[in-house]
Amino acid sequence: MLDLETNYKAQNFAGITMPKTEEVSNNIITLKTRFGVMEIDRDKTIKMPKGMVGFSEYKEFGLSTPSHAILNGSMLLQAINEADLTFILTPYNINSNLLSEKDIANVMKQYSISPNDIAIMLVTTLRQMGDTTQKTVNLRAPLFISTSTRQAWQHILNSENYDIRHKMN
């Protein structure tokens with residue numbers, strides 16, 4: 001289901017001071033983020049017409065697989081216009097049935113996403129709980145991505161059945 005080519009890579013610029021955002025060429029932007037230096041190809045960005053909830057002014061993002069062990073299985077959604085705005089995402093497992101098929105179908109219809117082109121991601125939070133790290137995902141506001149058009153929407157599902165802090169550990 002998730003067939004999005006990642007569009008930036010971490011780079012090691014140890015000892016080099018660089019601005020938060022720098023246009024390297026017409027299509028490549030380099031960002032110094034909390035997850036390291038990222039290189040984003042504008043041709044592969046994801047456009048979000050409405051932005052993320054609470055961050056509607058940011059409409060263009062890069063998607064990456066992080067190299068940090070604690071983030072294994074997650075992806076990063078990086079705003080290209082704000083180096084300090086990164087969301088941790090977990091790909092939704094369709095076989096988990098955490099989201100109802102009916103709700104997914106309604107969202108696909110609303111945004112004209114075909115079943116072959118949909119990727120569903122869950123916004124993830126990591127909290128340090130003593131010696132362990134607790135991973136929770138927001139089931140109420142998943143990210144729905146059309147892999148063919150590279151457009152995405154964070155859609156708030158209108159049901160109290162979906163926890164905003166669903167434990168994943």
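Trainee: Which residues of helix α1 are buried?

Mentor: In this predicted model, helix α1 spans residues 101–111, and its buried residues are I104, V107, M108 and Y111.

Trainee: What makes these buried residues line one face of α1?

Mentor: Looking down the axis of α1, the buried residues fall within an arc of 100°, so they line one face of the helix. On the other side of α1, K102 and K109 are exposed.

Trainee: Why does T45 count as buried?

Mentor: Buried means under 20% relative accessible area. T45 has a relative accessibility of 2%, so T45 counts as buried. T45 is placed in the loop between β4 (36–41) and β5 (46–47).

Trainee: How do you know that the side chains of T45 and E60 form a polar contact?

Mentor: The cut-off for such a pair of N or O atoms is 3.5 Å. The contact that joins the side chains of T45 and E60 is 2.8 Å, which is within 3.5 Å. A polar atom of the T45 side chain also lies 3.2 Å from the backbone oxygen of R42.

Trainee: How many aromatic pairs are there?

Mentor: The count comes to three aromatic pairs. In one of them, the ring centres of F55 and F87 are 5.5 Å apart and the planes stand at 75°.

Trainee: Why is the pair of F55 and F87 called edge-to-face?

Mentor: Ring centres must lie within 6.5 Å to pair, and planes over 60 degrees apart count as edge-to-face. With centres 5.5 Å apart and planes at 75°, F55 and F87 meet both conditions, so the pair is edge-to-face.

Trainee: What parts does this pair tie together?

Mentor: F55 lies in the loop between β5 and β6 (60–64), and F87 in strand β8, so the pair ties together parts that are 32 residues apart in sequence. Ring pairs link F55, F61 and F87 into a cluster.

Trainee: Why is F87 called buried, and why is F55 called partly exposed?

Mentor: F87 has a relative accessible area of 12%, under 20%, so F87 is buried. F55 has 31%, which is between 20% and 50%, so F55 is partly exposed.

Trainee: Which residues lie nearest the centre of the largest pocket?

Mentor: F87, V123, T125, N138 and Q154 lie nearest the centre, and the lining has 14 residues. The volume of this pocket is about 210 Å³.

Trainee: Which strand supplies the largest share of the lining of the largest pocket?

Mentor: β9 does, with four residues. By class, the lining has eight nonpolar, five polar and one charged residues.

Technical notes. Residues are numbered from 1 along each chain as its sequence is written. This is a predicted model: local features need pLDDT of at least 70, side-chain atom pairs count only at pLDDT 80 or more; totals for chains, interfaces and linings use all residues. Side-chain values use heavy atoms; hydrogens and water are left out. On a 1 Å grid over the protein atoms alone, a cavity is a set of points where a 1.4 Å probe fits but cannot get out, and a pocket is an open set with protein on both sides within 12 Å along at least five of seven lines; lining residues have an atom within 4 Å of a point. Grid points are joined across faces, edges and corners, and a volume is the space filled by probe spheres set on the points. Helices (H or I, at least four residues) and strands (E, at least two) are DSSP runs, numbered from the N terminus. Ala, Val, Leu, Ile, Met, Phe, Trp, Tyr, Cys and Pro count as nonpolar, Asp, Glu, Lys and Arg as charged, and the others, Gly among them, as polar. Buried means under 20% relative accessible area, exposed over 50%, partly exposed in between (1.4 Å probe, protein chains only). A polar contact is a pair of N or O atoms within 3.5 Å; within protein, one must be able to donate a hydrogen and the other to accept it, and residues adjacent in sequence count only if both atoms are side-chain atoms. Rings of Phe, Tyr and Trp (its six-membered ring) pair if their centres lie within 6.5 Å; planes under 30 degrees apart count as stacked, over 60 as edge-to-face and the rest as tilted. The arc is that of the directions from the helix axis to the C-beta atoms.
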